[in-house]
Amino acid sequence: MPEIHEITTNRILNPTSINLGEYVINPYVGCEFACLYCYVRSNKVTGKRKDPWGDYVDIRINTPGLLEREILEKCPKTVLLGSTTECFQPVEREFQLTRKILEILNKHGVSYIILTRSPAIVDYTPLLNQGFCKKIYFTVNHFNDTFKEVLEPKSPAFSDRNKAVCVLLDAGISVIPYYSPVIPGVTDTRAVFSPFAKAERIEFEYLNFNLKNTRDIIKNISRVCPDRGMHIVRMFTEKGHYEQTWDNLDEEIEMQARVANKKYTIYRHPFGEFFRNFYFL
Ligand code: SF4
């Protein structure tokens, strides 16, 4: 169990350069899922905390009242939920902040986009179906059990995530299954479209080698599978190997998309450039 602290915050609608909304809303600080590759674990604020990422969740307990006020002041058109936390992580069951946020956004007619990997979002379907949820980017992935244990041991099972995506799609909610991070030799890319027959499009983000914690990712993969680790180290150091590996994967995904008749987008980070993630800039 993470350590839980109730805190108050001065601002809940935070301006953002992420091109998915004018403001972000993060009702929690920290995340119980503790993914090793999470870009938040080493950002300016969380990187300075003593307790390890995943061991704490701060509850921004004054979120609902603040949001009501800030909506009237700032008149947002579209907001993004969950840019630095998981809004539907287990603590939400007790604190229900995300539920209150959705009720308030619906009441004021503010559109929203959600980033999640939690099947618990399915319980919010009646709120998501009121016309203001524009899109959900639902992070799926396929790692075998060994790699899941290394990369995201506390996150929900991939099979439960796939099921949740399908339930939301069946309910008429716009969901993009989002494979991220795609790690060569670690992500199982053999059947990426088949779990999501109703999805209009699927997106893929290849591993960003310029994240601060990429070395930890490689180290931990090497620990359980030295060959894969070596392959990834070569990508890290040899531009030709880096490009060739991703080119091969591009081809594999394109071929599967053709067979499945699906649209898709791939985000590939240029070799050697600093972190310029399309969403999280
Ligand atoms: S679920 Fe999202 S916010 Fe939570 S640790 Fe994983 S990547 Fe980070």
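**Reading the sheet and a helix pair**

Student: What order do the strands of the open sheet have, and what is their pairing?

Tutor: Strands of a sheet pair through backbone hydrogen bonds, either parallel or antiparallel. Here the open sheet has eight strands in the order β2-β3-β6-β7-β8-β9-β10-β11, with mixed pairing; two strands pair if DSSP finds at least two bridges between them, and helices (H or I, at least four residues) and strands (E, at least two) are DSSP runs, numbered from the N terminus. The edge strands, each pairing on one side only, are β2 (14–15) and β11 (263–267). This is a predicted model, in which local features need pLDDT of at least 70 and side-chain atom pairs count only at pLDDT 80 or more, while totals for chains, interfaces and linings use all residues. Residues are numbered from 1 along each chain as its sequence is written.

Student: In which sense do β8 and β9 pair?

Tutor: Strand β8 (residues 133–140) and strand β9 (residues 175–182) pair in the parallel sense over five bridges, and T139 stands opposite Y178 in β9.

Student: How are α7 and α8 placed relative to each other?

Tutor: Two packed helices are described by the angle between their axes and the distance between the axes. The axes of α7 (residues 214–224) and α8 (residues 226–237) come within 6 Å and cross at roughly 150 degrees, with axes being lines fitted to C-alpha atoms, for helices over the stretch in contact, and angles running from 0 to 180 degrees between N-to-C directions. The two helices α7 and α8 are therefore roughly antiparallel, a term for angles over 145 degrees.

Student: Which residues surround the ligand?

Tutor: The ligand is surrounded by C31, F33, A34, C35, C38, V40, T85, E86 and R117, where a residue counts as near if its C-beta atom, placed from the backbone, lies within 6 Å.

Notes: Angles under 35 degrees count as roughly parallel, over 145 as roughly antiparallel, 65 to 115 as roughly perpendicular and the rest as oblique.
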